[in-house]
Amino acid sequence: MKGLANIKSAKKRVRLNEEQRVKNHAFKSSMRTAIKEFETKLENQDVEGAKDTFKLAEKKVDKAVSKGILHRNTAARKKSQMERKLNQATAS
C-alpha cells in the first residue's frame, strides 16, 4: 500500500483514493476516445456516423460532470466545440 499512513482510517482513505483515481482515469479515457471517434468520423465526411457518435460523446461528457471528473464549464466548452464542428460539417 502506498503512503505513510499509520492510522487505520487513513490507510483506508489512501486505498479508496487510489481505487477512485483508477476509475476516474478509465472513465476520462473512454470519454476522450468517444470524442476522438467523433472527430475521426467528421474528418472522413461521415456526417451521419458523426451525429451518432456526437450523442455518445456528449453523454459521456455529461456523465463525467455528474461524477465530478470534469468541471461543468469545461464540459460545456467541449460540447460546444463538438457541436460547432458538427454544424459546420452539416452545413457544407
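**Salt bridges and helix packing in a predicted model**

A search of the whole structure finds 5 salt bridges, a salt bridge being a side-chain nitrogen of Lys or Arg within 4 Å of a carboxyl oxygen of Asp or Glu. The structure is a predicted model, in which local features need pLDDT of at least 70 and side-chain atom pairs count only at pLDDT 80 or more, while totals for chains, interfaces and linings use all residues. Residues are numbered from 1 along each chain as its sequence is written, and side-chain values use heavy atoms, with hydrogens and water left out.

We can begin with a pair inside one helix. Glutamate 18 forms a salt bridge with arginine 21, with 2.9 Å between the closest N and O atoms. The two residues are 3 apart in helix α1 (residues 8-43), so about one helical turn separates them; helices here are DSSP runs (H or I, at least four residues), numbered from the N terminus. An α-helix has 3.6 residues a turn, so residues three or four places apart point the same way. Glutamate 18 is partly exposed at 30% relative accessibility, and arginine 21 is partly exposed at 47%; the class lies between buried (under 20% relative accessible area) and exposed (over 50%), using a 1.4 Å probe and protein chains only.

Other pairs link separate helices. Lysine 85 forms a salt bridge with glutamate 39, the closest N and O atoms being 3.0 Å apart. Because lysine 85 lies in helix α3 (residues 72-91) and glutamate 39 in helix α1, this pair ties together parts that are 46 residues apart in sequence. Lysine 85 has 36% relative accessibility and counts as partly exposed, as does glutamate 39 with a relative accessible area of 28%. Lysine 79 and aspartate 62 also meet through their side chains in a salt bridge, at 2.7 Å from N to O. Here lysine 79 belongs to α3 and aspartate 62 to helix α2 (residues 47-66), so the parts tied together are 17 residues apart in sequence. Aspartate 62 is partly exposed, at 35%.

The packing of α2 and α3 comes next. Their axes come within 10 Å and cross at roughly 175°, where axes are lines fitted to C-alpha atoms over the stretch in contact and angles run from 0 to 180 degrees between N-to-C directions. The two helices are therefore roughly antiparallel, a label for angles over 145 degrees. Contact means heavy atoms within 4.5 Å. Among the contacting residues are Phe54, Val61 and Asp62 in α2, and Lys79, Met82 and Leu86 in α3. The residues of this contact divide into 10 nonpolar, 1 polar and 6 charged, with Ala, Val, Leu, Ile, Met, Phe, Trp, Tyr, Cys and Pro taken as nonpolar, Asp, Glu, Lys and Arg as charged, and the others, Gly among them, as polar.

Within α2, the buried residues are Gly49, Ala50, Thr53, Phe54, Ala57, Val61 and Ala64, and the buried residues of this helix pack against α1 and α3. Threonine 53 has 8% relative accessibility and so counts as buried. Leaving aside residues up to four places away in sequence, threonine 53 touches Glu37, Phe38 and Lys41. After α2 comes glycine 68, with a positive phi near 80°.

In α1, Phe27, Met31, Ala34, Ile35, Phe38 and Leu42 are buried, and the buried residues of α1 pack against α2 and α3. Just after α1, glutamine 45 has a positive phi of about 55°.

Terms used
Parallel < 35°, antiparallel > 145°, perpendicular 65-115°, else oblique.
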